[in-house]
Amino acid sequence: MTMPARPSLRGRTEEESSPEGSVPAAPDWAGPAYVVPPALHEGDRVAVLSVSGPPVAERLDEGLAVVRSWGLDPVLLDSASAAHPTFDYLAGDDELRARDIEHALTDPSYAAVLLARGGYGSQRTLEHVDWSRVVAAQPRPRHVVGFSDVTALQEGLLRHLGWSSLYGPMVATWYFQQGRAQESLQRALMAPDSVTAIELPDGFALVDGVAEGTLLGGCATLMASSIGSSTAVPAKDAIVFLEDVDEELFRLDRVFTQLRRSGYLDGIRGVVTGTFDGCGDPDLVTALLRDRFADLGVPVLAGADIGHGVPLQTLPIGRRARLDTAAARLDLL
């Protein structure tokens, strides 16, 4: 049997199917129109947990004080203070972290879920999450906040629950103590209707243009390592956001190339890249971004102040948006 030629990344049409081996399709009900959770109000209870690494107690206390200053009632789950018996980079064992996130997503008393920190471990946690049990509970949508390693969980929320989430600072981190990051997250949580655009003043166009699509993405290494898993979400018709930290240039090249070769980037509408803190010479990183993304035939904006190493703005993953590279702005639709 003769296999059809693989279509080019550039200009792929809607009628062309994904190549064999690409990410599996999301459930029909979790398509591009993802559910945006409602605003939080003073007095709301929010779950605080970790699906990745163990938070530093002092940092956690500082972050909880900020949450309380917003009038919210943070509830610490076991994983926020757990330690793994062998691997000190994990917050307790995988089953504990999975049990905590299942509880936080299904308990009706929580209006939001705030991740304590990133690091590593979310992929292991997701191996043990019983999504069928979570879906069967018919939980009301709630904001889930985190970034970096939490990217994998946020994909899972899109894939299995159809929920938008917030790519923003985590409670037990330096980022949560930065004024701009605090203000951006608080508005996204408690006054989301006031957030109509995300200005990206440090952004610069690698490819000029305007595009509309659903915001997907996160930490690039997490996106690449999720491809082919039960929580991966196809990026067709999306504006893909990517950032990363502490990766050598050739490793970033490998990650971006995997996103290309896997078919993940087929049919996307645009690309926004954030920070690449600790990834080497910024000029070389920019050259790599241009090399790997400028030929996709879509607008590409680099330099967004979202990601590691900066007081990051909060990005609503799963929201529809319009990217305008000339204005260096994302308008939320």
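Predicted model: local features only at pLDDT ≥ 70, side-chain atom pairs only at ≥ 80, totals over all residues.
Me: What is the average pLDDT of the chain?

Reply: pLDDT is the predictor's confidence in each residue, from 0 to 100. Here the chain averages 92, and 90% of the residues score at least 70. Over residues 1-31, however, pLDDT stays under 50.

Me: How far apart are the end C-alpha atoms of helix α6?

Reply: Helices (H or I, at least four residues) and strands (E, at least two) are DSSP runs, numbered from the N terminus. The expected span of a helix is 1.5 Å times one less than its number of residues. For the 12 residues of α6 (residues 179-190) this gives 16 Å, and the end C-alpha atoms are 16 Å apart, which agrees.

Me: Which residues of α6 are buried, and what covers them?

Reply: Buried means under 20% relative accessible area, exposed over 50%, and partly exposed in between (1.4 Å probe, protein chains only). In α6 the buried residues are Ala181, Gln182, Ser184, Leu185, Ala188 and Leu189. Their cover includes α1 (57-69), β4 (143-146) and β5 (165-167).

Me: In what order do the 8 strands of the open sheet stand?

Reply: Two strands pair if DSSP finds at least two bridges between them. The order is β6-β14-β13-β8-β9-β10-β11-β7, with mixed pairing. Strands β6 (197-199) and β7 (204-207) stand at the edges with a single partner strand each, so one side of each has no neighbour in the sheet. Within the sheet, β8 (residues 210-219) and β13 (residues 320-324) run antiparallel and are joined by 5 bridges. Glycine 213, for example, has alanine 321 in β13 as its bridge partner.

Me: How many residues has the largest nonpolar core?

Reply: A nonpolar core is a set of buried Ala, Val, Leu, Ile, Met, Phe, Trp, Tyr and Cys residues joined through side-chain atoms within 4.5 Å. The largest has 77 residues, and Leu105 and Phe256 have the most contacts inside it. Apart from it lies another core of 22 residues, among them Val67, Leu114, Ala172 and Leu189.

Me: Is threonine 125 buried or exposed?

Reply: Threonine 125, found in helix α3 (residues 122-127), counts as buried because its relative accessibility is 1%.

How values were computed:
Residues numbered from 1 in each chain as written. Heavy atoms only, no water. Contact = heavy atoms within 4.5 Å.
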